[in-house]
Amino acid sequence: MQVSRQYHVALSFAGEDRPYVDAVAHALQDAGVRVFYDHFEQITLWGKDLYEYLADVYTNKANFTVIFVSRAYLERNWTTHERKNIQARAFVENGEYILPAFFEEGLEVPGLTKTTGYILLKERSPEEFARLIVDKLRLAGVMDAVETPVATTDKPKKQSLAERTGIKAIVLGFLADYFKMRIRGLKETIAVAITGAIAGVVGMWWPGAQVDTPLDAEQVVQVEPPAGGQGTSGEGEQKPGTAATEPPGEVTSFETENPPRTPGATDTPTDSSEPPKEIVENEPPATGTPAEPPAAATRKEQTNSIGMQFVEIFAGTFEMGCIDGDNEECDRDERPRHRVTLTKPFYLGKHTVTQKQWVAVMDINPSLFRGADRPVDNVSWDDAQEFIRRLNEKEGTEKYRLPTEAEWEYSARAGTPMTWPWSCGEKLSCVKNIAWITGNSRDMTHPVGQKQPNPWGLYDMNGNVWEWVQDWYGAKYYEEGGVTSDPPGPDLGTDRVLRGGAWTSPTKHVRTAERLKGVPDSRNNAFGFRVAFFPGAVPE
């Protein structure tokens, strides 16, 4: 029997194989395995000599190391360095330590005898392989009790509380790709970094929560978050940057807590072959007060092949940007407020893209907060573009894209008075009714559609996850008097724009005018997106 070390198992792999390895790592983590996986260790690795540190992990800190052997693994200098350290320990200890796993047969690993037993990963799901690792740890006596991940050979099912009684909170999304993040000023960075770091060190356990099982395109099981237990400040609002450390009470169903609202009787999907009638909406009269918007019930809806619902958005004119007021302290890049006209009607996603919808197109789920109806998170702008490319290809069209900043803000304001910081009004107390933020999110995302919609029937335009939009970010784009008719944003840039705020955001940062920037390949567990749909050709 081996002595249990800091990590039960370490994972050595090439970057090209990350999607598969990532799924294995999360399945192991959910089963209670102490696994060394670089995306779980970003803060620890930051600033260290990685050659030296990783050599120490593989040599001294892990009971076993799984090497994921592919052609890329055998060709990379970095993985060769890892493999040599792993093999050096195996040679010195003269014991069973390396667990080889091959993506294809016929590959030869230098220094690994041909008589060494291995696992072939071909046609084996990540969850199935994770279960084999758990069985190996049990057999070796490394762990007294490990809960086995559910394999996906059969249709997954939601496990009852009697079957399992806990789930480890994963709040490490900010840490993955931490080095690539470049977010304006200290906005969100402090709150997300502290939350992620504390949660990663403490490792919260939530007794009584239902446990998610592996996601696939046909059936995705939703995790119900626990009720209560969050640190609060004032009227139930959690202090920014803190994580819940007290175990919560009994699980409360979302269905009884915040049932989804139905904007009106005409929400039934209609035929998408006929484009929306082009009218001008929300043209501000001379007094400066926006015109009364049509009710949500008068709008058409469309549903596509993977169940994404889209709400009709009429053409119109609105005031974009921010004006300082009692509850709205504008950032410089939100000024000046200026009049913008959208000349073409379009449809916008009723919700942010969910994990079930993402998996239906992309097969692999990158999210750290798992649940069928939760928004997909941990996605970059580049990832969103690839999703849209595949969705267009799947439906034989070019009608989908991200909304522009102007299209997003126009839809988020939904014809409400220009003095309102949020679509619900001017009072801070209204925000909790429309948005998941630091004060009510319990440090996680939530299923879409649980809060009140805006006047045009769009859900979660504020809070839950930041939403990537199409535009390059320009700090002075408003000041420079850019295009005021269907503005596409700056021609060039280094960062893309995110809108709407997230579960990590204080009230100020879920204002409708709020702008955030991020490099196109940055991922975060507070980043998601929603899709725009154009019945005609997609405008450039």
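Helices and strands here are DSSP runs, numbered from the N terminus. That numbering places proline 336 in the loop between strand 10 and strand 11. The model is predicted.

Start at this proline. The peptide bond leading from arginine 335 to proline 336 is cis. Its omega is near -10°. Most residues other than glycine have a negative phi, and most peptide bonds are trans.

Stay in the loop between strand 10 (316-320) and strand 11 (338-342), where aspartate 331 also sits. The side chain of aspartate 331 meets that of lysine 508 in a salt bridge, at 3.7 Å from N to O. This pair links distant parts of the chain. Lysine 508 belongs to the loop between strand 15 (496-499) and strand 16 (515-518), and the two partners are 177 residues apart. Their surroundings can be compared with the cut-offs: buried means under 20% relative accessible area, exposed means over 50%, and partly exposed lies in between. Aspartate 331 has a relative accessible area of 18%, so this residue is buried. Lysine 508 is at 29%, so this one counts as partly exposed.

Side chains of opposite charge can pair when their charged atoms come close. By the rule used here, the count comes to 24 salt bridges. Two further pairs lie within helices.

Take helix 10 (residues 381-395), the helix of glutamate 393 and arginine 389. Their side chains form a salt bridge, with N and O 3.7 Å apart. The two are four residues apart in the helix, so about one helical turn separates them. Glutamate 393 is exposed, because its relative accessible area is 59%. Arginine 389 reaches 43% and is therefore partly exposed.

Now turn to helix 11 (residues 405-413), which holds glutamate 409 and arginine 413. They too stand four residues apart, about one turn of the helix. Their side chains meet in a salt bridge of 2.9 Å, N to O. Glutamate 409 and arginine 413 are both buried. Elsewhere, salt bridges with shared partners join Asp331, Glu334, Lys508, Arg511 and Glu514 into one network.

How many of the residues of helix 11 are buried? The count is nine of nine, and the helix is mostly covered. Among these buried residues are Trp408, Tyr410 and Ala412. Alanine 414 follows helix 11, and its phi is positive, near 55°.

Asparagine 378 is buried, because its relative accessible area is 8%.

Next, look at how helices pack. Two packed helices are described by the angle between their axes and the distance between the axes. The axes of helix 9 (residues 355-362) and helix 10 come within 9 Å. They cross at roughly 65°. Helix 9 and helix 10 are therefore roughly perpendicular to each other. Their crossing is left-handed.

A second pair is made by helix 1 (residues 18-30) and helix 6 (residues 126-139). Their axes lie 8 Å apart, and the packing angle is about 50°. That angle makes helix 1 oblique to helix 6. The crossing of helix 1 and helix 6 is right-handed.

Leu50, Tyr51 and Trp78 make a nonpolar surface patch of about 250 Å². Tryptophan 78 is placed in helix 5 (residues 77-93). Its relative accessibility is 31%, so tryptophan 78 counts as partly exposed.

Glycine 111 is exposed, because its relative accessible area is 75%. Which distance separates glycine 111 from arginine 83 in space? The gap is 9.3 Å, C-alpha to C-alpha, while in sequence the two are 28 residues apart.

How values were computed: Residues numbered from 1 in each chain as written. Predicted model: local features only at pLDDT ≥ 70, side-chain atom pairs only at ≥ 80, totals over all residues. Heavy atoms only, no water. Patch = residues over 30% accessible without salt bridge, like charges linked within 9 Å, V, L, I, M, F, W, Y side chains within 5 Å. Areas by Shrake-Rupley, 256 points an atom, 1.4 Å probe, with all protein chains shown as cover. Salt bridge = Lys/Arg side-chain N within 4 Å of Asp/Glu carboxyl O. Buried < 20%, exposed > 50% of the residue type's maximum accessible area, 1.4 Å probe, protein only. Axes fitted to C-alpha atoms, helices over the stretch in contact; angles between N-to-C directions. Parallel < 35°, antiparallel > 145°, perpendicular 65-115°, else oblique. Left-handed = near helix turned anticlockwise from the far one by under 90°.
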